[in-house]
Amino acid sequence: MSELPANDEEWREMLTDEEYEILREAGTEPRFSSDLLDVKDEGVFVCAGCGAELFDSDEKFDSETGWPSFWDVYEDGNIETRLDESHGMRRTEVVCGSCGGHLGHVFDDGPEPTGKRYCINGAALDFEADE
């Protein structure tokens with residue numbers, strides 16, 4: 001995507017209701033609801049809001065949590081993190097570094113080599129298979 005929406009109305013027109021709720025309002029999809037949970041193909045997971053490359057399929061793993069999970073990011077700078085103290089919890093939120101869309105959260109209980117578990121809403125992602 002070359003140009004990001006200029007305002008909330010344009011975001012609402014571009015995204016589905018579920019994508020809007022997650023990306024723009026920091027919502028969460030129901031556990032085990034994402035079609036991306038079962039993706040085993042080679043490719044890249046990109047932001048559903050702007051197309052930024054976020055996670056490589058080689059870093060995807062089954063965390064058994066109900067959300068697509070990754071142990072590393074596609075490229076440093078493509079995501080940003082910030083403190084999230086909503087819902088009476090203290091977590092690290094993951095947002096798209098390009099459009100600022102909410103993706104999910106990162107935890108320190110993932111596999112080696114990073115020990116990270118990027119727990120990401122599937123509705124915040126699109127999958128682009130390698131050709």
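F61 has a bridge partner in strand β4, and that partner is S69. This pairing belongs to a predicted model. In the model, β3 and β4 run antiparallel and are joined by two bridges. Both strands sit in an open sheet of six strands. A second open sheet has three strands. The points below take the sheets, a helix, some loops and the cysteines in turn.

**The six-strand sheet**

- The strand order is β3-β4-β8-β7-β6-β5, with antiparallel pairing.
- β3 and β5 are the edge strands; each has a single partner strand, so one side of each lacks a neighbour in the sheet.
- As a general rule, strands of a sheet pair through backbone hydrogen bonds, in a parallel or an antiparallel way.

**The three-strand sheet**

- Here the order is β2-β1-β9, and the pairing is again antiparallel.
- The edges are β2 (53–56) and β9 (125–129), each of which pairs on one side only.
- Neighbouring strands in this sheet are turned by 30° against each other on average, direction ignored.
- Strand β1 covers residues 43–47 and is joined to β2 by three bridges.
- Within that pairing, F45 has F55 as its bridge partner in β2.

**G43, a residue of β1**

- G43 lies in strand β1.
- Is G43 buried or exposed? G43 is buried, because its relative accessible area is 2%, and the limit for buried is under 20%.
- G43 and A129 are 86 residues apart in sequence, yet their C-alpha atoms are 4.1 Å apart in space.
- Neighbours within four places in sequence aside, G43 touches F55, D56, S57, F127, E128, A129 and D130.

**Helix α2**

- Helix α2 spans residues 17–25, and its buried residues are E19, Y20, I22 and L23.
- An α-helix has 3.6 residues a turn, so residues three or four places apart point the same way.
- What do the buried residues of α2 pack against? They pack against α1 (8–14), β1 and β7.
- A26 follows α2 and has a positive phi, near 60°.

**The loop between β3 and β4**

- E64 is found in the loop between β3 (60–61) and β4 (69–70).
- E64 is not a glycine, but its phi is positive, at about 60°.
- E64 counts as exposed because its relative accessibility is 64%, and the limit for exposed is over 50%.
- T65 lies in this loop too, between β3 and β4.
- T65 is buried, with a relative accessible area of 17%.
- The side chain of T65 makes a polar contact with the side chain of S63, at 2.7 Å.
- Residues up to four places away in sequence aside, T65 touches R31, F32, R117 and C119.

**Two other loops**

- H87 is found in the loop between β5 (79–84) and β6 (91–96).
- H87 has a positive phi near 60°, and H87 is a residue other than glycine.
- Is H87 buried or exposed? H87 counts as exposed, because its relative accessibility is 67%.
- P113 lies in the loop between β7 (102–107) and β8 (117–120).
- Which peptide bond is cis at P113? The bond from E112 to P113 is cis, with omega near 20°.

**The cysteines**

- How many disulfides does a search of the whole structure find? The search finds zero.
- C47 is in no disulfide, and its nearest cysteine sulfur, that of C99, is 3.7 Å away.
- C47 is buried, with a relative accessible area of 2%.
- C50 is in no disulfide either; its nearest cysteine sulfur belongs to C96 and is 3.5 Å away.
- C50 counts as buried at 8% relative accessibility.

Methods. Residues numbered from 1 in each chain as written. Predicted model: local features only at pLDDT ≥ 70, side-chain atom pairs only at ≥ 80, totals over all residues. Heavy atoms only, no water. Pairing = 2+ DSSP bridges. Helix = DSSP H or I, 4+ residues; strand = E, 2+ residues; numbered from the N terminus. Axes fitted to C-alpha atoms, helices over the stretch in contact; angles between N-to-C directions. Disulfide = S-S within 2.5 Å. Buried < 20%, exposed > 50% of the residue type's maximum accessible area, 1.4 Å probe, protein only. Contact = heavy atoms within 4.5 Å. Polar contact = N/O pair within 3.5 Å; in protein donor to acceptor, adjacent residues only side chain to side chain.
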